[in-house]
Amino acid sequence: MKDMTFGTILAVFEEIFGTGMFWSMVAAALIVTLAYLYVLMRDHSIAWRKFLLAQLSMPVGAVLGVWFVLLMTNSSLNDLGGPVDIIVFLAIAAAGAIGMAILVYTIQSLIRPAAKDRGAQ
Amino acid sequence: MPFTLNRRQMLSLAAGSAALAAAGSQTATAAAIPTQARIVIIGAGAGGTALANRLVTRLKGAQITLMDPRVEHLYQPGLSLVAAGLKPADYVVSKTTDWLPDGVTLIAEAAAEIDPEAKFVATTSGQKVAYDFLVVAPGLVLDHDAIDGFDLNMVGENGIGALYAGPKYAAATWKAASKFAEEGGVGLFTRPATEMKCAGAPLKHTFLIEDITRDKGNRGKAEFHYAAPQGSLFGVPIVAEKVRMLFGDRDINAHMKHTLTAIEPGAKRAYMAGAEGSTIEMDYDYIHVIPPQRAPDVIRQSGLSWPDKWTNQGWVECDKGTLQHLRYDTIWALGDVAGVPKGKTAASVKWQVPVVEDGLISAISGRAPTEIYNGYTSCPMITRVGRAMLIEFDYNNNLVPSFPGVIAPLEELWISWLMKEVALKATYNAMLRGRA
């Protein structure tokens, strides 16, 4: 593809989702990421109990990620045809898993801060 | 193991994110060039629209006029999907005016006369528009009358399909094709002898309907025949070989040197001109008709066509690298109408638009152009629902993959299908807006 700049990629994603939806999704991802960093900074440590639940949610996120892509396209898992397809498939699953883990960890930490967690122990 | 992050690290991360976001919004915004130039663009299709959007940011004060009677803008790469029941007809339809920038004038009429000596274009109502620079991008004409016995009103009935004719006909094509996929019989898939837009589409339609028939469990009662005037299945030899192998795998019979000349809808019989002037009869239950394709009459009548090449088709005589007319240096050809060996696809337009833009800007600012079109064309060759081959090539029949070593051009891949189904229309739309 000619001139595949970062600006071009942004333009393409704006067209895929619509400008409003795309930037809302970017904003949502940024807010969750910032909230994640905030709780890490606030707590100065990882709460392993919360992390465990976050890890347990990862397969759910992976399945949801793949399910979303298959739902939005006329394709199925039978269509995976070469090594790059496996890589893309795994990347989608990994993105879903990591996104879900961050989301679950952040929500737990916001709802139940570390101090309260320690107080309960 | 504790993981800690202090406030300074947090701020660094946030600053990095902001810088990344800002980088995305930056575009190459060179200062607009002041000019009084009158630029006329015939055609507000993919090429004309994308060019207009780019010119308004590059030029200040230019009078840019587009001429196009078409109210609807068609995303033509989507027609293959409509004709296979994978997308609704409105998937390809938008309004011409949706894509045009402020500061340009749209005359909703066709060009009726071009005078390259006196430098004006007359519209169908007789309005004369003078120009300093002219871009000819009206698209092409589907010559359905060249197929005896065929009429567009027949599409969708009696096993007749013709997806090129537009969204309504692509949807009707699916009606006829899906009936064939259910009932079986003889499927006959054709292509014309002339140059044509998206030369991969006849193959895509064949592959898709074969796959759908197989998927429905009816492959055993269906025969597939692909008849083409050319000597090989694809213009690029290495791709032709791959398609030949796929045809073998899928039990699709190829009939080369077969040119569809007529159909007899009642008898469901097609007549083909053979290599030695013979006439070959082929019976069908489903036929996909793609008519000969030519430049619009106004191009041929204005003396802009090649005098010695494609004489029955009339494509604009232009340099294949700069797309500038060989006899009139204030005229450029863009898109389907350009008389170049390859490039009647939206992907080609994407690569041609910056070349014409550079030619125009260079002429206005008195410098030599630098952009050259190398014949790039892309064909996401759908081989079945869910898989495609991302084939890209140039004038020299070299494969020029965008993702070498990652996306193999001659491999049937899911990622190539995803690109066709998800990313292609978005990229096309971004191109129309002058952003890709």
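Chain B and chain A bury about 3,500 Å² between them, with carbon and sulfur atoms giving 64% of that area. Buried area here is the accessible area (1.4 Å probe) that two parts lose on being put together, summed over both. Keep in mind that this is a predicted model: local features need pLDDT of at least 70, side-chain atom pairs count only at pLDDT 80 or more, and totals for chains, interfaces and linings use all residues. Residues are numbered from 1 along each chain as its sequence is written, and side-chain values use heavy atoms, leaving out hydrogens and water.

**Who touches whom**
- Chain B puts 43 residues into the contact and chain A puts in 38, where contact means heavy atoms within 4.5 Å.
- The rule picks up three salt bridges across the interface of chain B and chain A (a side-chain nitrogen of Lys or Arg within 4 Å of a carboxyl oxygen of Asp or Glu).
- In a salt bridge, Arg435(B) meets Glu14(A) at 3.0 Å, N to O.

**Chain B's side**
- Elements giving two or more residues to the side that touches chain A are α1 (7–25), α8 (346–365), β26 (387–393) and α9 (414–432) of chain B; helices (H or I, at least four residues) and strands (E, at least two) are DSSP runs, numbered from the N terminus.
- α9(B) gives the most, with eleven residues.

**Chain A's annotated spans**
- An unreviewed UniProt entry annotates residues 20–39, 51–74 and 86–107 of chain A as "transmembrane region"; such annotations may be inferred rather than shown by experiment.
- Residues 20–39 of chain A are 100% helix and 0% strand, with end C-alpha atoms 28 Å apart.
- Residues 51–74 of chain A are 92% helix and 0% strand, with end C-alpha atoms 36 Å apart.

Conventions: Chains are lettered from A and ligands numbered from 1 in the order in which they are written.
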